[in-house]
Structures are given as structure tokens and as C-alpha cells.
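Please walk through this structure with the text below as a guide, keeping the coordinates open while reading. The account moves from the parts of one chain to the contact between chains and then to local details.

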Amino acid sequence: MKGFLAAGLALILGATACGGGGASGTAGGAKQDDGTVTLDWEMWAGSEDEKAQLDHLAKLVTQQNPKIKIALRTAPFNDYFTKLQTEFAAGKQACIVSMQSLRLGAYADLLEPLTAPEGFAPASLEALKMGGKQLALPYDLASMLVYYNKDAFAKAGLPEPKAGWTVADFEKAAKTLSTGGKAGFGMSFSDLHTLSLLLSYNGAAPVTQDVKLQLDSQPMVDALTWYAGLAKSKSGSVPASSAEGGWGETQFVNGNAMMAVDGSWNLGSHIKDAKFDVGLAPLPAGANGSKTYVAGSGFGVAKSCPYKAEAIKVVETLTGKDAQAYLAGVGRGFPSRTEQQAGYEEFLVKQNAGKAADVKAAMGAVREGLAGGTPLFTTKNWDNVNKLMAQYFLQVYTGAQAPKDALATIQQQGARGQ
Amino acid sequence: MRTRETWSALGFATPSVLGLGLFTLFPVGMAVVMSFFNWPMLGGSEFIGLDNFRYLFGEDPDFLAALRNTFVFTGLYVPLNILLALGLAFWISNSRWQNLWRVLFFIPAITPMVANAVIFKLLFQLVGTEPNLLADGRTALLSVVAMSVWQGFGYNMIVFSAAINEMPKPVLEAASLDGATGLRRLVSVQLPLISPALFFATTMTVITALQVFTQPYILTAGGPGNATETLVMNVYQAGFQSRDLGLAAAAAWVLFAIILVVTFVQFLGQKRWVHYES
């Protein structure tokens, strides 16, 4: 039956796409007559700048491996995983597949296990592992942080958050800063943003060790009850609808919320965009100290790739020292290789002239966060779980549903296909 | 001569027949087949009979809610849309600025729906209720209806406006000589005269209403809870988030069947109230 569909698809595609001309090969790569291998690389890119960076990396691959050429294909991040899964379904996947740690669950069976070279931050490797297998090599690493409005803290006479601050300190700050139509804290229902704070609060984890949902567990109920309490006590700003995935951080940058949890990947842009001084701190410590989930992105090799040895070389170059130094230099993200992390800090200092002290403190918070970080492993149907959290957490925040009932609903619906 | 004509006819018809077959009939037939399979986007498929339909109507807690929401949406959206479009069409028919009003009221219909929805999201935020109208299960669907009516009435208004301008003058004159004015004139003369346009507009509006997706997807993402989940959102979610193409095909077929039945009933009913002779 699937063959029938494939034949139909091939017929349709055959009408629009042209063949590989003078090369032999199957999905994802082709070998020229002179022995040069051209490999497809699928990656997300949202702007011409980002695409230019990727083109630079593709050239770097050919420089270091003269027999390998890269054919880069890009899609905006929001469409990337839809495109990727469709390509896999149609057998048109690239050899080199870019992967984000939170999406790994759905692709675990389709990626070739790799061996990690030396030099990576352990957490970055851990984030791209599943079932003990290294499914991709990381190029960046991110942790969650509390972004805060320094001006507002100064005005309210509150001590600024710093490493070691507690959930009680956080609650007090959120309450005090909620005045004059502004909220102390911008709430969220996005996975990393919300679940990291719940983790720091009491260690509540959405999935078990063997990656099965446990949203209805008692610690989760307690933690969500606490989080929703921020709305009840008018310390937190509730998202305006289930479609507001980036509510907390948007409200923060707009100056409507004085604190928000957001990823370290937005460090540069928030410091630049906000019309006030931005401070950063690790997540407030609950009973077991400050915790955060870490996430990262990297490159893997499709199992179906006909030129695996070459593809592995490409991934090693793309995550190698030169590529990492280049990406850090253009501020693409916090590098996964420890040696190149200083380069990223230099970029941020250069970009934010006159705010060197802010950047240095921020980077300190990032390192602090990564030290207490654990990867968030996700189920195969994580997209679905995310959607359910958006719909049902909102009901909890507005007081329309009890935390226990909402979590039970998500658990029940998310159990299918996990 | 006859064979030559036949060959030319074939030549002209072949591209569209091929296109129709390849891009419409083949996918439609494929969807029927897929609805009887467990067909994940990644990995192999297996025949499971009616299990997808059983899951939709028996176990899926969202599907029945989506069905209910879709009907509520249609029940509110279609009458509001038609009444507003009809009222404005009659109103501007006497204005010397008729063409200006037509353009103004048509603008929402031709602006991209996503942009409209985003602007409305900001408007709902400005209203500043606690909780937001879109975050409250009691008002979320109503807010989606309000935005949709604003977006959608312009098209029907143009259709009605054209029909009103085409009403035969002698009939209207005869009616006024007979003393038909006001409401009487509207109900017994004018509405029957434009009844073909009314039929076309209601039929098409019901179909698009049953397929509503963009407005709730952008405004509320189905939330809070499942207060604004619609059938097409359910299909999209099953196909592209749960990657269960068989389930998505089954849900799509349920929607197709509903639209078919509703449209069929409307066509049956038109004998009673639609007058094509002028």
C-alpha cells in the first residue's frame, strides 16, 4: 500500500523535479564520476544572514574534506520540522539532518548513532542522546534563566536576584513589582520556560527516566499549583490566549512584566532590544537548589544515507573547532565546545558597547545554570503534549480548572503515541 | 470531420482530466484508503478497519468537542454574517457613495486572514479584561466568531449588493403601486427577487464555516482547554502534530460527509424558497 502512495508521489514529483544529471545516488546524497560526493544538508534558517553563515560552514566542509560537497536546503525554524517529517515520510530526507534536542524523540529511530569526539560540554552531548545513543553532535547549548528589569528592581528598592536566590525571594519580588498595571512576572506555558521553573521549585519532572509521561504525578500537581498561584496573587501576567507561546518573554522585553524565564539563546537580543537595563540570574532555588533544563541543537546523519562515512566527517567538521569558533564569532549561540565559549562572550561584549558588565554577569548566570542543568528528554508525541499544555495550563492560570484535573487530562490524551 | 473534432476535444480535455485525476481524485481516493489504516507519517502502516473512526467517536476527547464547537461556530457565524451583509447591502444601495462603501467593506475580505487575526489578537489584548476574552472558555469562541464575521461579511455583501442592483425595476414599481412598502416590500418582493444570491451565499458560507481553521488557530490555538478546537484543527493536529495520517484522513472524511449532507439538505430546501425566474 505504501508503495502505491510512493509511486503516486514519485509520479507527481517527477513532473516537477529534475533528476541528478550525471551522478549516481539515492536520497540525501550523490557520487560524481570523479569520486566527489555531494551530500544534502537540511537546516533551519530565518534570514539571509543566517543562510550566509550556513553557506560559510558548507564551504568550510569542502575546504577540510576536498572530496565532499554540500547541497544546503533550509526552511524557517517554525516550518523546519514539518518539512523534515514530510521528507522522511516520502523518502526524500537529507543525509545531514539538523536536530533540536526537544524534537529528538520522534526521530530517534531514523538517525545513525555517532561517536562523540573530545572537547564538548558534557551537558550538550547528553541533550542529544537517547537510549544511550549519541544521535547527533551538538553545535550549541542553552539553559533557562530569569531575565529581570534592573531599573524596576532599583526603583522598588529590591535586592537584585543572584546565584543562590530562592523561590521565596522570587515570589516576594514578583509581588512587590506588580504595581501600576505592570506584572512582576510574565507567565508562560511553553515547555522549557514553564517546566524548568517547576523543576527548580520541587524537582517535578514531566517524564520518567524511560521517557514516559508522568504529568499527573504529585510533584507536578504541587508545582503547577504553586505556579498558577502567581496568577491568583496577581504577581504574574497570564498569557492572553493559548496561541501566545512567547508571552512571558515578550511582556518582559516590552516592559510590561519585570521578570520572565527565557532561554540563554535570547541573551543578546533581549539586552539589545529592551529599553531598560537587563539583568540575568539562575532560576530561583527550591528545596533542592537551582535547577534548569538544558536544550541544544546539533547535526545527525540519517540512517538511510548511502554515504555514511562521508556524512559523519561532515558532521564532525560542522561541530569542529573551526566551525564553532566561527559561529561563536558571529553570535549564533552559546557554543557546545567549552574551548570556544569565550568567543561568544567577546561577541556579546562587542555587540553591546558600554554594557560589558551586564554581559559578564549574564554569562556567569548562564554558566551557573548549565552547571545545575539536566536535559529535557521528550516523548515521541511532544508536539502534541506542548499543544495540550498551552490549552490546559491556561485554564489553570485563569482559575477555570484545577491543576490536578488539567494535568490528568494532558496525561490521558498524551498517553496515545508517546 | 467528426474524428478531427473528437481528437481536438480530447487534446483540450486531457490536461484538465489528468490534473483532476492526479491532484484531486487520486488524493481523495487515497484518503479513503488511509482512513482504514494505522498510517504513521514515519514508519510502516497496517490495516485496522474502522478503528480510526471508533477512536474518534469513542475515545478521542477532543473530536466530539471539535464537532460541537464547529457546529456552534457555524450556527452563530452564518446567520450573523448573512444578516450583516444583507443589511449593509440594502443600506448602501441607496447611497450615492455606494462604490466607496463597497470597497471599504470588502477590504477585510481581501486582507490575508492571518494578518487580520493577529491584529484582532492585539485588539482583544487592548480590551484588557481579566482574564482576556480569548483566555476565558466562556467568551473565546464568541470572540473567534466576532473576528470571523468582520473578516467574512464583505464577500457576501458584494454578492447581495450586485443582486439588489439587478432587481427588475418594473417589478418593484408594480409592487409599490400595489401598496407594498417597508417590511412587506422587503419580505414579499425584494428577498424573493434576490433569493438565488441568498441561496448561493448561505451555501458557500456554511461550507467555509464548517471548514474554519485559520481564525481559531491564530487567535486561540484551540484553547483554553478545548473550547475553540474545530474539526479542521483536529485533522491538522492528528496529521502534523501526532503524525497519524490515518486518523487525520478519517477525521477529514467525517467532515466531508457532514458538509455533503448539509449541502444536500440545502439544495433540497431551495425548491421552497429560491426563485430563479425574474
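An automatic or database domain assignment, which supplies the bounds, divides chain A into domain 1 (26-142 + 295-351) and domain 2 (143-294 + 360-414). The model is predicted, so local features are reported only at pLDDT of at least 70 and side-chain atom pairs only at pLDDT 80 or more, while totals for chains, interfaces and linings use all residues. Residues are numbered from 1 along each chain as its sequence is written, chains are lettered from A and ligands numbered from 1 in the order in which they are written, and side-chain values use heavy atoms, with hydrogens and water left out.

Taken over C-alpha atoms, the centres of domain 1 of chain A and domain 2 of chain A are separated by 29 Å. In terms of contact (heavy atoms within 4.5 Å), 20 residues of domain 1 of chain A touch 23 residues of domain 2 of chain A. The size of an interface is often given as the accessible area lost when the parts come together. Buried area is here the accessible area, found with a 1.4 Å probe, that two parts lose on being put together, summed over both, and between domain 1 of chain A and domain 2 of chain A it comes to about 1,900 Å², with carbon and sulfur atoms giving 63%. On the side of domain 1 of chain A, the residues that lose the most area to domain 2 of chain A are A:Leu102, A:Ala142 and A:Glu345, which together account for 32% of what that side buries. Four salt bridges are counted between domain 1 of chain A and domain 2 of chain A, a salt bridge being a side-chain nitrogen of Lys or Arg within 4 Å of a carboxyl oxygen of Asp or Glu. A:Asp109 and A:Lys380 also form a salt bridge, and their closest N and O atoms are 3.5 Å apart.

The contact between the chains can be described in the same terms. Chain B and chain A bury about 3,100 Å² between them, and 58% of this lies on carbon and sulfur atoms. Five salt bridges are found across the interface of chain B and chain A.

Chain B itself contains 12 helices and two strands, arranged along the sequence as α-β-β-α-α-α-α-α-α-α-α-α-α-α. Its C-alpha atoms fill a box of roughly 75 × 75 × 30 Å along the principal axes, and buried residues make up 44% of the 278 residues in chain B. Among the contacts in chain B with a separation of 6 or more, 72% join residues 24 or more positions apart.

Within chain B, the loop between α10 (214-219) and α11 (231-241) holds B:Pro224, and the peptide bond from B:Gly223 to B:Pro224 is cis, with omega near -5°. The loop between α10 and α11 of chain B also holds B:Ala221, a residue other than glycine whose phi is positive, near 50°. In chain A, A:Val211 likewise has a positive phi, near 55°; A:Val211 sits in the loop between α8 (191-202) and α9 (218-232) of chain A and is buried, because its relative accessible area is 19%.

Over all chains, the whole structure has 20 salt bridges. A network of salt bridges links A:Asp40, A:Glu42, A:Arg73, A:Lys83 and A:Glu87.

Definitions and conventions
Helices (H or I, at least four residues) and strands (E, at least two) are DSSP runs, numbered from the N terminus. Buried means under 20% relative accessible area, exposed over 50%, partly exposed in between (1.4 Å probe, protein chains only).
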